[in-house]
Amino acid sequence: MENLHDRRKVYEKAELLESQMQQSPFEMFKIWLKDAENDVPVVEANAMDVSTVDPDGCPRTRIVLLKEYSEEGFVFYTNYNSKKGIAIEHNPKACLHFFWPSLERQVTIKAVLEKTSAENSDQYFHSRPRGSQIGAVVSPQSSIIPNRDFLEEKLAETERLFENKEVERPMHWGGYLAKPYEIEFWQGRPNRLHDRIVYRKTEEGSWILERLAP
């Protein structure tokens, strides 16, 4: 067994105090996302883990890109027939997670997911590069396929099908809106005494603020 005991980092870049928190968690997220976008080491500030629970009860995590957010929630797009789509159909709760190591920050979001409207999915689908549109048609995401040639042949077939035509959005491809009920902001601190402040949504729809022990 390889020993990794000595691999550790000291977190000391910033602090997170109650006085810094915004009234709305979405305003706080906007500030932190902008900080990440402006931080040169961060390659894709909107990259996030999405964890769902498979029908067999085992969690599964993958990275997707956040494409929209508002006071209503956070939006990403995928194949509804994929493993994540099947998991969400079985259990619509999910956890979103952003990690920006260079800023020593994390954001963890617990949410309930619902599909976005067909109009919303159409609008985003047709804003994507044509190659990405065709890729969404070609790939039976998460399904077992015989080899790489299968994809290449289907790609050529699909390109012929939509030659000189607009690519149609597959009905099995679209967006999810993650409507949060808990959003935690984590700032690394020395001695592993990290700052963790969480917003929790009340039954009345307002947000309360609490500090968690690291």
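## Close-up views of a predicted model

View 1. The expected span here is 1.5 Å times one less than the number of residues in the helix. As for what gets called what, helices (H or I, at least four residues) and strands (E, at least two) are DSSP runs, numbered from the N terminus. This is a predicted model, so local features need pLDDT of at least 70 and side-chain atom pairs count only at pLDDT 80 or more, while totals for chains, interfaces and linings use all residues. Residues are numbered from 1 along each chain as its sequence is written, and side-chain values use heavy atoms, with hydrogens and water left out.

**View 2. The buried side of helix 1.** Pro25, Phe26, Met28, Phe29, Trp32, Leu33 and Ala36 are the buried residues of helix 1. They sit on the same side of helix 1 because they cover an arc of only 150° around the axis. That arc is taken from the directions that run from the helix axis to the C-beta atoms. An α-helix has 3.6 residues a turn, so residues three or four places apart point the same way. On the accessibility scale, buried means under 20% relative accessible area, exposed over 50%, and partly exposed in between (1.4 Å probe, protein chains only). Glu27 also belongs to helix 1, but with a relative accessible area of 37% Glu27 is partly exposed. Follow the chain 43 residues from Glu27 and you reach Ser70, with 9.2 Å separating the two C-alpha atoms.

**View 3. Side-chain oxygens at two helix starts.** Zoom in on the start of helix 1, where a side-chain oxygen of Ser24 comes to within 3.1 Å of the backbone nitrogen of Phe26. At the start of helix 5, a side-chain oxygen of Asn147 comes to within 3.2 Å of the backbone nitrogen of Asp149. A polar contact is a pair of N or O atoms within 3.5 Å; within protein, one must be able to donate a hydrogen and the other to accept it, and residues adjacent in sequence count only if both atoms are side-chain atoms.

**View 4. Arg105 and its two polar contacts.** Arg105 is part of strand 6 (residues 105-115). It counts as buried, at 12% relative accessibility. Its side chain makes a polar contact of 2.9 Å with the side chain of Asp35. Another polar contact, 2.9 Å again, joins the side chain of Arg105 to that of Gln187.

**View 5. Thr78 and Lys84.** Look for Thr78 in strand 4 (residues 73-79). Thr78 is buried, with a relative accessibility of 5%. A polar contact of 2.9 Å links the side chains of Thr78 and Lys84.

**View 6. Helix 4 crossing helix 5.** The axes of helix 4 (residues 130-138) and helix 5 (residues 148-161) come within 10 Å and cross at roughly 120°. That angle makes helix 4 oblique to helix 5. Angles under 35 degrees count as roughly parallel, over 145 as roughly antiparallel, 65 to 115 as roughly perpendicular, and the rest as oblique. The axes are lines fitted to C-alpha atoms, for helices over the stretch in contact, and angles run from 0 to 180 degrees between N-to-C directions. The crossing of helix 4 and helix 5 is right-handed; a crossing gets that label if the near helix is turned clockwise from the far one by less than a right angle, and is left-handed if anticlockwise. Helix 5 passes the length check too: its 14 residues should span 20 Å at 1.5 Å a residue, and its end C-alpha atoms are 20 Å apart, which agrees.

**View 7. Two non-glycine residues with positive phi.** Asn164 is not a glycine, yet its phi is positive at about 65°. Asn164 lies in the loop between helix 5 and strand 7 (173-187), and counts as exposed at 78% relative accessibility. Arg192, again not a glycine, has a positive phi of about 65°. The loop between strand 7 and strand 8 (195-201) holds Arg192, which is partly exposed at 39% relative accessibility.

**View 8. Gln123, with Arg169 across from it.** Gln123 lies in helix 3 (residues 118-125) and is exposed, at 62% relative accessible area. Gln123 and Arg169 are 46 residues apart in sequence, and their C-alpha atoms are 9.7 Å apart in space.
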